[in-house]
Every structure is written in C-alpha cells, then in structure tokens.
Amino acid sequence: MEPTFQASPSTATNVAVEGGVATASRNNDQPLLSLRGISKNFGAVQALVDVDLDISLGQVTALIGDNGAGKSTLIKTISGIWSPSEGSIFWNGEQVTLKTPRDADALGIATVYQDLALCDNLDIVANMFLGHETMRRGLLDENAMESAAKTTLNGLSVTTVKSVRQLVESLSGGQRQSVAVARAVMRDAKLVILDEPTAALGVSQTAQVLSLIRRLADRGIAVLLISHNLNDVFSVADRLAVLHLGRMVHSGPASDYTPQTAVEIITTGSFVKAGTGAGSTPSSASGEPA
Amino acid sequence: MTEEERGVTDQSGTVGTDAAPPLTGDVVVEGEDLAPAIVEVPESSGRSVSGVLKGALEKVRSGQSGLVPILLGLVALVIFFQTKNSLFLSVGNLSNLLTQASYLVTFGFAEIWVLLLGEIDLSAGYNGAIAGAVVAVLAGIYHRYPWWLAIICGLAVSTCIGALVGTLVIRLRIPSFIVSLAFLLGLQGVLLKILNFDNYQGSVSTSSGPLLDLVNGNLSPAAGWILVAIGVGGFAILTVLSDARRRRSGSEGVPFGVTLFKVLAVAAGGVALALVCNANRGVIVHLSGIPFCVPIVLGILILWQFLLKRTRFGRNIYAIGGNAEAARRAGVNNGMNRLAAFALTGFTAGAAGILYTSRLGGSSTSVDGGQLVLLAVAAAVIGGVSLFGGRGKMVHALVGGMIIAIIYNGMGLIGLDAATQDIVIGLVLLAAVSVEAISRRSAVRA
C-alpha cells in the first residue's frame, strides 16, 4: 500500500499539506473515507457514474437505492473487490488505491456480507479469529482468544450469547450477525460495511442488530449500512446517501429526509417538491457534500 | 440523532444498554462493569462439574457429541459377547483384539483427514497396501534394506500417492470420490505389478525381525509399566498445567473436578491395559506384554489430534470443512491446507498398511484394499465423524475401529460365519448414522 500523498478535497485549504506534513492533527470534520468521481463500467454497462461519498467516524451512513442502483458495486469498490474505472478514493485525506480485499483490510475496512461467512461447525471464538488466530509458541492460544472475544462482545453489549464456546450453528440470526460484526470490530476496523444486515431477521432480532450498529458508531467506528428497509435506515442512520441508476442523487443528514421523500428519491431519482420542515434542500450529488 | 437513538432503544428492549466504551483497551475493561458479562449463565456454561455434565448431556441430545452413545454401544457389545462366550474377555483374546483393531483404527485415522474436509479417499486401502508391499520388498531377502529405512520409503511412497490424489482433486476440481475411485482401481494393479516383479510370485513375507514385531511383538512387562507410567504421568502434568492456565485466564469449562476425572480416567485405562497385557496369555509358552502396535497407534492418535486441535493448520481444516468460502474470505489458503490433508491421509494409510502387512507376516496380492478403505470410513463414521466435513476427532476412529474389531472378533468366537458378520457390521453402521441423524434432527426441531 503506497498511498500517494495528496490533499483531499475537504482539506484543500489546510496549510498542513505544505511540505507533506502528514502528522498534522486530524481535522474532526475530515471524513474517514471520501470517494470522488467514482465510475465503474462493466463493458458498455455503467454501474456507477461519477459518485461522490463521504463517510465519517462515529456516524452511520446509510446507502440506499433500488435494486440495480449500484449499491453492491459501490461497496465492492470500497472493499477492494473491484477497482473503479475512474475516480479517486481518499482515506483520512490521503489518496489510496484498493486493488484487493487485502488492501482494504490493511486500512481497516471490514465488510460483513449478507451471508456472513461464518463456519457453523466452529465456536464463536474460532470464528472471530479465523485466519488471524492468536499464537503462543507456535500453537493456538485459546485462552487469549477466548478472553479477547469476550471483551469484544461485552464491549458491544452483545449479551444474549450464552457462551463464547457455543457452536455458531446454535445461534440465532441476530446473534450470528453480532458475531460477524464483532469479528470486524475485534480486528480494529475503522469502517464497517454492513450489507443488508437485517434482511433475514425477525422483529426482535432486527432490533438487536440495529442497536449493535448504533453502538458501533458510538464507539467511534464509521458504519456504512446498506439496507432496503427504510424503517431500519431511519432508526439508526446519521446520514443518507441515495443511489439511483448508478448516480449519487442525494446525500445529507438523515434528518433532512422523511421516509416518504426517501422513497420518492429511490424510485424517481429526485423529489419534486421540498419535503416538510427544515433542511428540505439536501445537497445533491453533483454539488459539494456537506 | 436523538430521534434515531430513541428509535433504537425503543425497539431493542432488553438488549439496549447505554454503555458505549470506546475502542481503547483500558477503557474496555471498565466497559465490562457497565455491560453485563456474556458468560454470566454459569449453570450451562461449565463453571462447575455439574454444569459440565449438564452441558455434555445437552450436547449428546443435540447430536453434537457422537462419542457418549457410541461408548455405551461398545460396552453393550462387550457385555453381549462376554455372556455368549466367556473367552471374550480373557487376556489372550483382549490382546488379540488390540492387534486386530490396530490397523483398522489407523486406516480410520487416515480417512478422517479427508472426511473433515468433506472429501473422501477411496484409494487409501490400496495406498496402504502398496506401502506395505514396498516395505516388505525392500526389507525382504531381495534387497535387505534396514527395516527403518524400508518403512521410511514405504511412508514416502504412500504420502506422495495421497498428495497426488489431492493435487488432482484441488487443481482439476474433480470430486475426490471419482479421483480416488480411479486410484483404487489403478493402485490395485500397481500392487499386483510390485508383487509379481522379478520372481516374487505374488507375495513377499516379513517372516522375522522388527517388521513382524510391529504388531506381533510385545513390550516386556517392565517396559510396558514404564511406558504406561510415562504416558499417564505426562498426560496428567500437561492436563493439570493447561487447565490451571485456562482457569487463571477465566476461560470456560474446566472446573478442577473435570481435570481430576480426565486424569483418573486415563490412569485407569493405562493401568487396565498394562494389567491385561502383562498377564500371561500363552497356552504352551509364557506370553505377555503390551503389543508394540498399541503405543504406535496411540502415538499417531495423540500426534494427529494435537495437530487438529492445537495448530492453525488443524483449525483451517475444520474451517474449510465447515464453510470453505468463509475460510477463503478469512484469508485461509484452502488449496495448500487441503493438499496437506490429502498427503496426511496418504501418510497415515501407509502406516496402517505397514501395520497390516506386519500382522499378516508379509505382503500379498490377496490384500483387499477396497474392503479395508470401506471399513476405515465405517470406523470413522461409526465413531461419529461426519461425511459432510467439519465434524469429528481422531478418537472417533479409535472407538469406531474398536467396535468393528469387537464385532468381528466376538462373532468369530461365538461361531457365526463371515456372511453373518458382514451383515451385522452393515447394520451397526446403519444404526450409528441413524442415531446421529435422529438426534440431530430432534435438535433442530427443538
């Protein structure tokens, strides 16, 4: 990973860029991850067109849009599965290239896919450490892993799990989601991408996962949430970003939208009349993100 | 923001707490006080002996531990055969049983490596037979290699064959069933070629020396006791130390009573083994001592189980067998790990084949590798290893192989013919998998 050191759009006026002083104290307003002008073509198909997106630490950013809007393409770009055809990605203000999932992993980007990728036949501890086991004199250090797993789950207030030595197959959908998220957190992820985390869950399980998402953000982690369920989105998201036919048509604080306006944007790409109350003119994609 | 938070806590009910410790290490500890600990259900999570027992019972009921029902089955078989023929539990027959089971159990160990991946190696039987033939030929009157060098060569050959099967399965993505079926047929021919080479005339004997003694020779009674003492003592020290460390670090499931029970059980087993084998079982001449094959088989068992349980490689094998895609995404090199497992199957099959050759006193073209490998799979599955991958331990092959050996041995003693024996083995295999399937299904329903 050789990040070319450049000023990100939001720090363009920052004097710290002079002489490449990288140790300048991080501006709190500076987003953790910024996408600028991201486009992705598959042959003649334009999956993403000139997408801008800012994701900040401690915030839940919800990425919404209809099927085929480009949500999956966008998160796969961020998690290093596909490189964008055009555009730049900035991490803490420094331009980076994400060629492989390993690059994203090294930066601290963890993606929790819909299918969770857990091994049913292993217990919670083994799943959380899979591929990154703690070793002691060349052997698995079960004690260290067990207590680290407990600490992480406790830190996330995942309280419904009876024992961390339970096999994952015995867990409920919400608990499995919690384990998958905890795995990401334990590996010091700065940005956790959650792909439809509540899609297969019942009401109380959904509530569990949503409060977990909220706690992630409260711990200072940036969360990118992909969801079809607007109830979920409006109950946890700080910011919304709406994709329509590969374009980022709207983004802004969640309070600028109502479920009705959100639905309108998702289906038509814009909303004709300003919604109710304050902040009825969220910044559009081509403009400057807030 | 506040609106959203309210939304969450409203819905979450029981789970929502406002404890939100930041990521830094020292504060997380503080967070443990705020957030309820996840392991505060001691009854079932194993802080006490009764908790552990209850947990074990739950596991049996949910079909997770195939070992307890199968051990009960083993005891039932022993009682049955003893009531039918009082010679069954005689010291002579028990020692005989151990040597009969030795190669079956070892073939079972071999098969477990690939079964854990959800694969199968049907060629392991003939692979082992070839290793045995190589050893017999090299150490025999035609070449006169030292016995240990012959064994190394035999194991090298079988390891390479296992790795070759694995390479084809992994590279060409052909199901292991087909690849190893082809090898089963082909290796049968190779075995004939080896044993008909020159003037071998279809069989090469290992009529004397260490190769014959591998299975048929015995430790002296004193050496047997020393070995048992070392084994039990080593186990006790390691178990007590590691359990103590687990307790200190607050891990689950190791109350002192359980440690004590484990040590006592192993000690009892060791003493029983020494007592039985060191008693005079000779009819005309004095014959006593633990057969060499017992420490060999137990050594392989311990080594392989250690690899599976304590190393990253073993963890990867289970992960690949459970969910190959998840393992790959977690950064596990599936190809290399699978190849290593196939090679270990070959290696262990070689060891089993050498034990088999030793027991027969030589290698011959009449060895039925197909039957051997099917019994190996049966031993593993009867013991509780899943054919679908990811579930099973080495000790399962030990128990399963013992059961098969007991059935053949016991039915032979009470005078049933070979046809009946085969039918019964088939039924036992069916019963074992049925018990597992039913308990698993009832666990899902519960």
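How many residues of domain 1 of chain B are in contact with domain 2 of chain B, and how many of domain 2 take part? Nine residues of domain 1 of chain B touch eight residues of domain 2 of chain B. Two residues are in contact here if their C-beta atoms, placed from the backbone, lie within 7 Å. The legends below take this view and others in turn.

This is a predicted model: local features need pLDDT of at least 70, side-chain atom pairs count only at pLDDT 80 or more, and totals for chains, interfaces and linings use all residues. Residues are numbered from 1 along each chain as its sequence is written, while chains are lettered from A and ligands numbered from 1 in the order in which they are written.

**View 1. The two domains of chain B.** Domain 1 of chain B covers 66-217 + 291-445, and domain 2 covers 218-290. These bounds come from an automatic or database domain assignment. The C-alpha centres of the two domains lie 24 Å apart. On the side of domain 1 that touches domain 2, the elements giving two or more residues are helix H6 (91-115) and helix H13 (293-310) of chain B. H6(B) gives the most, with four residues. By class, this side of domain 1 has six nonpolar, three polar and no charged residues. Ala, Val, Leu, Ile, Met, Phe, Trp, Tyr, Cys and Pro count as nonpolar, Asp, Glu, Lys and Arg as charged, and the others, Gly among them, as polar.

**View 2. Helices H11 and H12 of chain B.** Helices (H or I, at least four residues) and strands (E, at least two) are DSSP runs, numbered from the N terminus. The axes of H11(B) (residues 221-248) and H12(B) (residues 256-278) come within 10 Å and cross at roughly 175°. H11(B) is therefore roughly antiparallel to H12(B). Axes are lines fitted to C-alpha atoms, for helices over the stretch in contact, and angles run from 0 to 180 degrees between N-to-C directions. Angles under 35 degrees count as roughly parallel, over 145 as roughly antiparallel, 65 to 115 as roughly perpendicular and the rest as oblique. Residues of H11(B) in this contact include B:Trp225, B:Phe235 and B:Asp243. On H12(B), they include B:Lys262, B:Leu273 and B:Cys277. The contact of H11(B) with H12(B) has 14 nonpolar, six polar and two charged residues.

**View 3. The loop between H12 and H13 of chain B.** B:Val283 is found in this loop. B:Val283 counts as exposed because it has 7 C-beta neighbours inside 10 Å. A residue is buried if 20 or more other C-beta atoms lie within 10 Å of its own, exposed if 12 or fewer, and partly exposed in between, with C-beta atoms placed from the backbone. B:Val283 and B:Leu185 are 98 residues apart in sequence and 43 Å apart in space, C-alpha to C-alpha.

**View 4. Helices H13 and H14 of chain B.** H13(B) and H14(B) (residues 312-322) pack at an angle of about 75°, with their axes 5 Å apart. The two helices are therefore roughly perpendicular to each other. B:Leu307, B:Leu308, B:Lys309 and B:Arg310 in H13(B) meet B:Phe313, B:Gly314 and B:Ile317 in H14(B). By class, the residues of this contact are four nonpolar, one polar and two charged.

View 5. Strands E1(A) (residues 33-42) and E2(A) (residues 45-55) run antiparallel, joined by seven bridges. Two strands pair if DSSP finds at least two bridges between them. A:Leu33 has A:Ile55 in E2(A) as its bridge partner. Two residues lie between the strands of this hairpin, and A:Gly43 in the turn has a positive phi of about 60°.

**View 6. The six-stranded sheet of chain A.** This open sheet has the order E6-E9-E10-E3-E11-E12, with mixed pairing. E6 (109-112) and E12 (247-253) of chain A each have a single partner strand, so one side of each is left without a neighbour in the sheet. Neighbouring strands are turned by 15° against each other on average, direction ignored. E9(A) (residues 191-195) and E10(A) (residues 222-226) pair in the parallel sense over five bridges. A:Ile193 has A:Leu224 in E10(A) as its bridge partner.

View 7. E6(A) and E9(A) pair in the parallel sense over four bridges. A:Ile109 has A:Leu191 in E9(A) as its bridge partner. A:Ile109 and A:Thr111 point one way from E6(A), A:Ala110 and A:Val112 the other way, and all are buried. Helix H5 (residues 173-186) of chain A lies across E6 and E9 of chain A, running at about 170° to E6(A).
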